[in-house]
2 protein chains.
Amino acid sequence: MVTPKTIPQYRRLYEILRKHILDGVYKEGDLLPSENELCQMYTMTRPAVRQALATLSNDGYIRKHQGKGSIVHHLPKEIGILSVSGTTSALGDRNLKTRIVVKPVLMRWPDDFMFPLTDLEKESGCVYMERLRLLDDSPIFYDISFIANINLPRITSRKFVNRSLFQILRDHYGVEIKGGDQRIKAIMASAKISRLLHLKRDQPVLHLERKMETNKPGLFLYSSIFCNTEKYAIFGRF
Amino acid sequence: MVTPKTIPQYRRLYEILRKHILDGVYKEGDLLPSENELCQMYTMTRPAVRQALATLSNDGYIRKHQGKGSIVHHLPKEIGILSVSGTTSALGDRNLKTRIVVKPVLMRWPDDFMFPLTDLEKESGCVYMERLRLLDDSPIFYDISFIANINLPRITSRKFVNRSLFQILRDHYGVEIKGGDQRIKAIMASAKISRLLHLKRDQPVLHLERKMETNKPGLFLYSSIFCNTEKYAIFGRF
DNA sequence: TCATTCAACTTGTATTAACAAGTAAAAAAT
DNA sequence: ATTTTTTACTTGTTAATACAAGTTGAATGA
């Protein structure tokens with residue numbers, strides 16, 4: 001278990017405001033308290049408040065308007081670090097499940113891996129797993145993950161049910177996702193993917209290849225994700 | 001013509017460093033000058049330098065490492081505000097063309113528009129246009145754009161060849177894109193799209209629906225974009 | 001009544017300062 | 001020679017302050 005360090009003030013305010021927005025204390029379209037008010041409320045200086053608001057703005061939770069204030073933006077639902085938005089109905093929070101298709105195993109990296117690897121990564125081998133993500137009991141994401149086996153003792157024996165991979169990495173190994181790159185394509189589903197995602201014949205799927213950076217230098221997470229976007233679309237901000 | 005205002009210092013440094021990175025003065029993996037060095041070089045204070053670097057980091061041009069410095073990240077090619085990465089070869093700068101399929105016309109909004117519209121937008125009508133984006137002489141993007149006809153005099157009579165829509169909006173109307181939302185799906189190409197993008201039979205395409213916010217309150221740009229992702233993938237950072 | 005001006009907000013930009021924390025290489029000790 | 005410690009860097013966080021610029025609504029004028 002990794003002991004959490006002292007978190008900076010702006011981060012603390014960020015988490016508070018984010019939680020309030022997600023909990024509906026501040027609703028879409030609402031005006032947040034002004035920067036000066038937040039300074040007083042949480043006894044911090046304006047640069048700290050501004051950094052919290054800037055991060056919220058960057059993550060798409062609010063939009064700032066000079067002379068006006070910070071307005072709460074509508075918010076997408078997040079699964080892992082993917083956002084989805086239903087094209088028909090709004091989607092609740094509880095109908096989200098994860099099913100392990102292949103439990104974490106140690107293996108060599110595939111020969112033609114989707115991203116270039118460092119020598120350290122290559123010789124360390126990788127932890128491999130396959131998961132299926134279900135929304136409303138229909139499979140939406142098929143996620144193949146690769147992690148270099150660097151400083152992750154006993155990871156293959158951990159229980160992944162009802163806990164996200166990211167959460168386990170954070171809680172037990174102190175690994176935080178800091179960002180990453182992704183490539184997106186539209187492809188025809190293979191037989192295996194059609195079966196797993198319960199697709200009709202000749203249905204296209206979204207294919208995401210992601211490389212995620214962590215706070216541990218040299219440690220990356222890789223994912224190859226196949227999405228059924230018939231009912232739900234991938235949602236993004238920029 | 002809109003007169004440009006005085007640009008802030010951090011923005012100026014951002015543009016300089018960004019250009020240097022794009023021009024190859026600083027190459028991928030290079031360490032940028034330290035914050036204090038940049039302060040001296042451009043005679044500004046550290047907060048200004050830090051804001052420039054933070055923006056660069058946010059846009060994915062650099063990655064910052066505490067105790068180490070700012071390292072130049074690899075960079076994707078940008079088309080409009082879409083990034084692409086070739087799956088086979090690196091792609092040059094010159095083989096990028098835009099063809100107007102439907103010249104800008106004024107019309108009513110479609111009845112079942114992809115995003116909800118305000119009353120002001122509805123009664124203003126919209127400027128509609130269709131464009132085809134070619135990479136290496138093969139059509140990659142088919143872009144259908146909608147703009148509310150608010151304070152955009154004579155826009156339908158402007159020449160759009162060799163100039164991006166965003167550039168015209170910025171230069172003549174002072175409109176800047178500040179961010180936006182997008183939905184991404186994988187769909188089967190319709191007959192029209194197959195023809196325009198020179199697709200083989202039963203080939204899937206990426207469909208993006210975007211709503212872009214501008215610096216003018218109430219003015220949004222909407223795009224429905226169809227991408228052939230066989231040779232090039234959409235590239236993203238997060 | 002209507003339009004204009006003004007005052008009281010808001011966020012944006014800039015300066016200066018100090019210390020904390022992470023990194024890497026030189027220096028010292030074993 | 002190897003390991004450990006120190007030192008000199010780097011970026012990260014916090015503080016206090018001032019003025020610029022955009023927004024809004026009240027006060028003022030015609």
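Predicted model: local features only at pLDDT ≥ 70, side-chain atom pairs only at ≥ 80, totals over all residues.

A: Local features need pLDDT of at least 70 and side-chain atom pairs count only at pLDDT 80 or more, while totals for chains, interfaces and linings use all residues. Residues are numbered from 1 along each chain as its sequence is written, chains are lettered from A in the order in which they are written, and side-chain values use heavy atoms, with hydrogens and water left out.

The size of an interface is often given as the accessible area lost when the parts come together. Here chain A and chain B bury about 2700 Å² between them, and 56% of it lies on carbon and sulfur atoms. Buried area is the accessible area (1.4 Å probe) that two parts lose on being put together, summed over both.

The polar side of the interface comes next. Between the two chains there are 20 residue pairs in polar contact, both residues being at pLDDT 80 or more. A polar contact is a pair of N or O atoms within 3.5 Å; within protein, one must be able to donate a hydrogen and the other to accept it, and residues adjacent in sequence count only if both atoms are side-chain atoms.

Strands here are DSSP runs (E, at least two residues), numbered from the N terminus.

With strand S11 (residues 232–237) of chain B, S8(A) pairs in the antiparallel sense over 4 bridges; two strands pair if DSSP finds at least two bridges between them. Within that pairing, Asp181(A) stands opposite Arg237(B), and Ile184(A) stands opposite Ile234(B). Inside chain A, S8(A) and S9(A) pair in the antiparallel sense over 11 bridges, and Ile187(A) has Val205(A) as its bridge partner in S9(A).

Side chains of opposite charge can pair when their charged atoms come close. The count between chain A and chain B is 4 salt bridges, each a side-chain nitrogen of Lys or Arg within 4 Å of a carboxyl oxygen of Asp or Glu. One of them joins Asp181(B) and Arg237(A), whose closest N and O atoms are 2.8 Å apart.

A rotation of 180 degrees with 0.0 Å of shift along its axis superposes chain A on chain B, with an RMSD of 0.1 Å. The two copies are thus related as by a two-fold rotation axis. The superposition is by least squares on the C-alpha atoms of residues with pLDDT of at least 70 in both. The same surface serves both copies, as 100% of the contact residues of chain A recur in chain B. Of the residues of chain A, Ala186(A) comes closest to the rotation axis, its C-alpha being at 2.6 Å.

Key. Contact = heavy atoms within 4.5 Å.
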